[in-house]
Amino acid sequence: MTTTITVIRGDGIGPEIMDATLHVLDSMNLGLQYEFADAGMVALEKHGELLPAATMDSIRKNRIALKSPLTTPVGEGFSSINVELRKRFDLYANVRPAKSFPNTKSRFPSGVDLITVRENTEGAYIGEGQQLSEDGETAVLTQKVTRRGSERIVRYAFELARKTGRRKVTVVHKANILKSTSGLFLKTARAVAAEYPDIQCNEMIVDNTCMQLVMKPEQFDIIVTTNLFGDIISDLCAGLVGGLGLAPGANIGTDAAIFEAVHGSAPDIAGKGIANPCALLLGAAQMLDHLGMSEKAERLRAAIIATLEAKDTLTPDLGGEGTTMSFAKAIASRL
Ligand code: NAI
Ligand code: MG
């Protein structure tokens, strides 16, 4: 059986890490077929828009996309393409695993294995309420949190815990200060948690969470939180385990899912062939899990770990002298 996925090669280092990722996937006989679609600067240059209708149609049809980072031009009135994709496909769950890997210069070469589940469609990121007064002296932002939005993300986190055999969900909030928005999120989370007596649920205020993550990250299993907190916490978690080159993310909705690296298009190293392909490869592993190919996903992760362990042609961000493609080939050779 073949499955067609939409592939977006993206901007900056995007094409380099995507070619490397597809090289690895091709070595696995997964029965995947790629439908290439443009988005970002490359689409703006070719088609005059950042997010062409053909790309939207492709994702809508295939329901699965593997996406490299996209550059959104700053200060030219364009809204973020990533936020736009999440909005248009209602990709409400942003799922970001952070796991210790060997030989990464990380402060936690072992012991960290957590997943941040970030609400992806509400809160401070939606921009409806962004206002700057005419004199430029006052800025206002409205945050909207709904019971429905909170319920579905918390439920997603608990279901993920059950599916992956995890034991604990930490609800991260700031309900002591943000009484309305964070308060509604927390109240809703408590109600959902009551339906999952088999999973331990605890609550933690976001600032304390940041300190706890840095001091004792091994205490966390699944974290569920609102959009802005989740954005910040998941980058913090990426930093705990070796940086952005190893941090994948999935954007999951009911009708579509987009898998990616957490990092951006890295214009400072684009075109040099030295970007670390692991974040996108780990995003591809999440995609395989989503497609019901968990055994293949585990094999891919194991090959990445084995390559890191052997220090086989690692990219410069990991202290090696390899290239994007030599690293990918070393991973593929272990599959
Ligand atoms: P960035 O993540 O592109 O780069 C930050 C730093 O990390 C740079 O020094 C870069 O060289 C390094 N880095 C990132 N990925 C790497 C990799 N795979 N291997 C080795 N080093 C890596 O963040 P920045 O510079 O803030 O943003 C650049 C552009 O990316 C912006 O236009 C931004 O809008 C876009 N962006 C896109 C995202 C997406 O499409 N999901 C997410 C974040 C940013
Ligand atoms: Mg971010």
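**Helices and sheet**

Author: Helix 1 (residues 14-26) and helix 9 have axes that come within 9 Å and cross at roughly 45°. The model is predicted: local features need pLDDT of at least 70, side-chain atom pairs count only at pLDDT 80 or more, and totals for chains, interfaces and linings use all residues. Residues are numbered from 1 along each chain as its sequence is written, while chains are lettered from A and ligands numbered from 1 in the order in which they are written.

Reader: Why is helix 1 called oblique to helix 9?

Author: Angles under 35 degrees count as roughly parallel, over 145 as roughly antiparallel, 65 to 115 as roughly perpendicular and the rest as oblique. The axes cross at roughly 45°, and that makes helix 1 oblique to helix 9. Axes are lines fitted to C-alpha atoms, for helices over the stretch in contact, and angles run from 0 to 180 degrees between N-to-C directions. Helices (H or I, at least four residues) and strands (E, at least two) are DSSP runs, numbered from the N terminus.

Reader: Which residues make the contact of helix 1 with helix 9?

Author: Ile17, Met18, Thr21, Val24 and Leu25 of helix 1 meet Leu280, Leu281 and Ala284 of helix 9; contact requires C-beta atoms, placed from the backbone, within 7 Å.

Reader: What makes strand 2 (32-37) and strand 9 (200-205) edge strands?

Author: The open sheet of ten strands has the order 2-1-3-12-11-4-5-10-8-9, with mixed pairing. Strands 2 and 9 each have a single partner strand, so one side of each lacks a neighbour in the sheet. Pairing requires at least two bridges found by DSSP. Strand 3 (residues 64-67) and strand 12 (residues 257-261) pair in the parallel sense over four bridges.

Conventions: Contact = placed C-beta atoms within 7 Å.
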